[in-house]
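Dear colleague,

Please find below the structure that I am handing over to you. My notes on what was found in it follow directly after.

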Amino acid sequence: MTEYQTQSGIVVPAYTRENKEVDPPLDYPGYRSTEFRHPQNPLVLLPHMLTEVTGPLLGESRLGPLDYDLTKQHEEEPIGQRMSISGRVLDSDGRPVPNTLVEIWQANASGRYRHVVDDWPGPLDPNFTGVGRCFTDSEGSYRFVTIKPGAYPWKNHHNAWRPAHIHFSLFGRAFTQRLVTQMYFPGDPLFSEDPIFNSVPDPKLRERMVSSFDWDTTEDHWLLGFKWDIVLRGPDAVVFEEPHA
Amino acid sequence: MSHLGVTPSQTVGPYFAIGLTWDDGPFAVPEGTEAGFWIRGAVYDGNGAPVPDAVVETWQADADGRFAHPDDPRGAVDWVEFRGLARAGTDGEGRFAIYTVKPGAVPGTDGTTQAPHIDVTVMARGMLARLVTRIYFPEEEAANAADPVLSSLPATASSETLIAAKTDDGYRFDVHLQGENETVFFDL
């Protein structure tokens, strides 16, 4: 990994700050709730030092055996289109991010979350919680089995509907790599009017949040396969300070 | 080496609590740990209203200023009961609480020493990406004065917003996303 040499002899990796060109702005009027939830002062540059280049390396003892399969967490199967979502977690240099916790949560097939605040009249499914966890393997690969989430309405503007999505949360190997995002489905007709999807400034960058349908992982008479790779910030260019004279 | 473009952030949304809250989430160390304490606070928006759907995550060194991580060039230490990570969603009044021990000082760049500090991620509905701040400790006046981050803040940034206040069972640290008392947030 790229390293940052300090005069105290502490050598730590520095991470790319390319996420600044990729992440949506915190102040985005199209998404109304950002109005009072974004700082108005400029962010202060924080060098990547020890606390930033380390992060929690959680053990797999956190996992239950069925945490990766959202269709097997209840007595019966949930209603909906059974699907898998799989892919790799990589850094921006193409290196796998192994043994890292991936957490997902989602609405059920009717577009309803099992959350007290979600009260729109899409039916709840007694056989679906909508929460999954897994660890990436040594190659950075992950896989979940679930049902395809439905679109759902929200109050941002008249007739506002979120495109179907699954929330993803990743720790990576360092505090700098922490990422919470949403995975979308290819060709969703709701993309064009969704301010959250469109908050990512460049249409080409938005495509990075869209999974692809995949025949290889589609299983005959069982489930549809979708693939989605997730790329976390990786090493920056090498920076060395001048040593002490 | 091939370069891959990083995946953009999206909001954690209003319903993260079904997935991101763990029973042991708030505990960077088990409750009852010697020298363990609570950091309690609340998240406020630009109107001064509490944010009831935020999640606060903390990451820190152990009491010796060490990490259980291979990228610490001093070597990874074994953490048995210390997790370093705590995570808490806010309640209806915007309040959160995490339980931890005070981190030790940590080497910085340029031969400096960083004062004991905790890195903080704040996410919420209405925030399209994470915000990052730090918690410092009020009794560490000398170390805070020499801290490379605190001592190089621009004039517009108030270091006071980064220093917790002592309380009966630990410390208080409020997060103001916007406005007069806006917390200093970092470009990580």
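Helices (H or I, at least four residues) and strands (E, at least two) are DSSP runs in what follows, numbered from the N terminus. On that basis chain B reads α-β-β-β-β-β-β-β-β-α-β-β-β-β along its sequence, a pattern of two helices and 12 strands.

Before the details, two points on conventions. The model is predicted: local features need pLDDT of at least 70, side-chain atom pairs count only at pLDDT 80 or more, and totals for chains, interfaces and linings use all residues. Residues are numbered from 1 along each chain as its sequence is written, while chains are lettered from A and ligands numbered from 1 in the order in which they are written.

Chain B as a whole

The C-alpha atoms of chain B occupy a box of roughly 45 × 40 × 40 Å along the principal axes. A residue is called buried if 20 or more other C-beta atoms lie within 10 Å of its own, exposed if 12 or fewer, and partly exposed in between, with C-beta atoms placed from the backbone. Buried residues account for 50% of the 188 residues in chain B. Two residues are in contact if their C-beta atoms, placed from the backbone, lie within 7 Å. Of the contacts in chain B with a separation of 6 or more, 70% link residues 24 or more positions apart.

The nonpolar core

A nonpolar core is a set of buried Ala, Val, Leu, Ile, Met, Phe, Trp, Tyr and Cys residues joined through C-beta atoms within 7 Å. The largest one has 103 residues, and B:Val43 and B:Val122 have the most contacts inside it. Strand β7 (residues 117–124) of chain B contributes the most to this core, namely five residues. Leaving aside residues up to four places away in sequence, B:Val122 touches B:Val43, B:Ala54, B:Val56, B:Arg130, B:Leu131, B:Thr133 and B:Val175.

Where the chains meet

On the chain B side, 69 residues are in contact with 72 residues of chain A. The elements of chain B that each supply at least two residues to this side include α1, β2 (54–60), β8 (131–136) and β12 (186–187). The most comes from β7(B), with five residues. By type, the residues of this side divide into 36 nonpolar, 23 polar and 10 charged. Here Ala, Val, Leu, Ile, Met, Phe, Trp, Tyr, Cys and Pro count as nonpolar, Asp, Glu, Lys and Arg as charged, and the others, Gly among them, as polar.

Strands also pair between the chains; two strands pair if DSSP finds at least two bridges between them.

A four-stranded sheet in chain A

In chain A, four strands form an open, antiparallel sheet in the order β6-β5-β10-β11. Its edge strands are β6 (131–135) and β11, each of which pairs on one side only. Five bridges join β5(A) and β6(A), and A:Glu103 has A:Arg133 as its bridge partner in β6(A). Five bridges also connect β5(A) and β10(A), where A:Val102 stands opposite A:Leu170. Between β10(A) and β11 (residues 179–184) there are six bridges, and A:His165 stands opposite A:Tyr184.

Six of the six residues of β10 (residues 165–170) in chain A are buried. A:His165, A:His167 and A:Ser169 lie on one side, with A:Ile166, A:Phe168 and A:Leu170 on the other. In a regular strand the side chains alternate between the two faces of the sheet.

Two residues with positive phi

Finally, two residues other than glycine have a positive phi. A:Asn99 has a phi near 50° and lies in the loop between β4 (82–91) and β5 (101–106) of chain A. With 15 other C-beta atoms within 10 Å, A:Asn99 is partly exposed. B:Ala35 has a phi of about 70° and is found in the loop between α1 (17–20) and β1 (37–44) of chain B. B:Ala35 counts as exposed, with 9 C-beta neighbours inside 10 Å.

With kind regards
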